[in-house]
Amino acid sequence: MRAVIIERPGEVRVDDVPEPEATPGSVVVKVGACGICGTDIHILDGEFPPTTYPIIPGHEFGGEVVAVGEGVTQFKPGDRVAVNPSLQCNHCYFCQRGQGNLCENWNAIGVGREPGGFAECVAAPQGNVYAIPDSMSFAEAALIEPISCVVRGFHRLSPQVGETYLIYGAGPMGLLNAQLARYNGASLVALIDINESRLERARNEFGFDVVGTSFAAVRSHAPRGFDNVIEATGVTKVAEMAIEAVIRRGKLLLFGVCPPGETAAYDAFKIYNEEITILGTMAVHNSFGPAVSVLAAGAVDGKRMVTHTFPIDDFAEAVALVRRGGGMKVQIAPNG
Ligand SMILES: [Zn+2]
Ligand SMILES: [Zn+2]
């Protein structure tokens, strides 16, 4: 089968590899669509410490079950599914305390040590596989993983109905956060991005009227600041600046993946004096099932989120588009 192989950072090719086997307890999925995410770019560039090379990347995918291993009871060939790529060891300190996303041996399909979804087929343990409704396309199903990261962020934030949100970054993750905020009863959702075309898309296609290129541009809508500020750019300097937009007793959620080792400086007095909470959110945790449900319920406009689909042999071209910040969600359809 055709698959994308990252031999080592900076060295990627599309090649023929053996198809995965349905080992006991696992399911083989024929990939319908697999999204390219910022993490894939980090893996390509050697900036994601958990990755073991060589690896077949791709962790945002949906498809059809084509084979099941011994002991698989929940699925059969022909079932339409999405896959939670996160793998936990189940025996470390954190796994034993029900905090699998913080696993000391954390691994993920297409991210850590297991082959991912930029391939015609991919294997996954049945416990990571979720049925999707017939009405949901594979392109939409490939949005479930990023949505499940957003749902995890909202579980961390635990916002109240009627609150205000400011989201830094109007890329795919910023727009998913914005749509979940609206679905969650927001009274105001504002977006900031330096890319004007992304702001235009947020306004014209997703109906977010309060957008701007800086906090100053949206400040008049929430003069005292926003209840929930979500950093979705992964730029440390933005994570630092974002604190200025938080209202007293408000929260700053660091959702974007900033480069390890960089430092954001905060006015400690302000955090003390204004009772500000700064939160992290790590990948997926008890949030994949809810993500399937909210997508099926219409919380996210999946059709507008996916702007480009490439055949697997054009992977390099698709990555170049993502690097340019062109389009919204860019996907690979490995089986055409
Ligand atoms: Zn991702
Ligand atoms: Zn563990």
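Two rings of Phe, Tyr or Trp make an aromatic pair here if their centres lie within 6.5 Å. With that in hand, here are the close-ups; keep in mind that this is a predicted model.

**View 1. Phe-118 and Phe-315 form a tilted aromatic pair.** By the 6.5 Å rule, the structure has six aromatic pairs. In the one shown here, Phe-118 and Phe-315 sit 5.0 Å apart, centre to centre, with 55° between their planes. This pair ties together distant parts of the chain: Phe-118 is in the loop between β7 (107-108) and β8 (121-125), while Phe-315 belongs to helix α12 (residues 315-323), 197 residues apart. Buried or exposed, what is Phe-118? Phe-118 is buried, because its relative accessible area is 0%. Phe-315 comes out buried too, with a relative accessible area of 2%.

**View 2. Three residues hold the zinc ion (ligand 1).** The donors are Cys-37 through SG, His-59 through NE2 and Glu-60 through OE, at 2.1 to 2.6 Å. Read along the sequence, their spacing is C-x21-H-E. Cys-37 and His-59 link distant parts of the chain, 22 residues apart: Cys-37 is in the loop between β3 (26-35) and α1 (38-44), and His-59 is in the loop between α1 and β4 (61-68). Both Cys-37 and His-59 are buried.

**View 3. Cys-121 is a cysteine without a disulfide partner.** How many disulfides does the structure hold? The count is zero. For Cys-121, the nearest cysteine sulfur is that of Cys-34, and it is 13 Å away. Cys-121 counts as buried because its relative accessibility is 9%. Cys-89 is also classed as buried, at 19% relative accessibility, with the cut-off at under 20%.

**View 4. Two arginines sit over aromatic rings.** Arg-97 lies over the face of Tyr-93, 3.8 Å from the ring centre. Over at Phe-208, the charged end of Arg-182 is 4.0 Å from the centre of the ring.

**View 5. Helix α4 (residues 144-157) is mostly covered.** From first C-alpha to last, the 14 residues of α4 reach 19 Å, close to the 20 Å expected at 1.5 Å a residue. Twelve of the 14 are buried, including Ile-144, Pro-146, Ile-147, Val-150, Val-151, Phe-154 and Leu-157.

Notes: Residues numbered from 1 in each chain as written. Chains lettered and ligands numbered in written order. Predicted model: local features only at pLDDT ≥ 70, side-chain atom pairs only at ≥ 80, totals over all residues. Heavy atoms only, no water. Donors = N, O, S within 2.8 Å, 3.2 Å for Na, K, Ca; no water. Helix = DSSP H or I, 4+ residues; strand = E, 2+ residues; numbered from the N terminus. Buried < 20%, exposed > 50% of the residue type's maximum accessible area, 1.4 Å probe, protein only. Disulfide = S-S within 2.5 Å. Phe/Tyr/Trp six-rings, centres within 6.5 Å; stacked < 30°, edge-to-face > 60°. Lys NZ or Arg CZ within 6 Å of the ring centre and 35° of its normal. Expected span 1.5 Å × (residues − 1).
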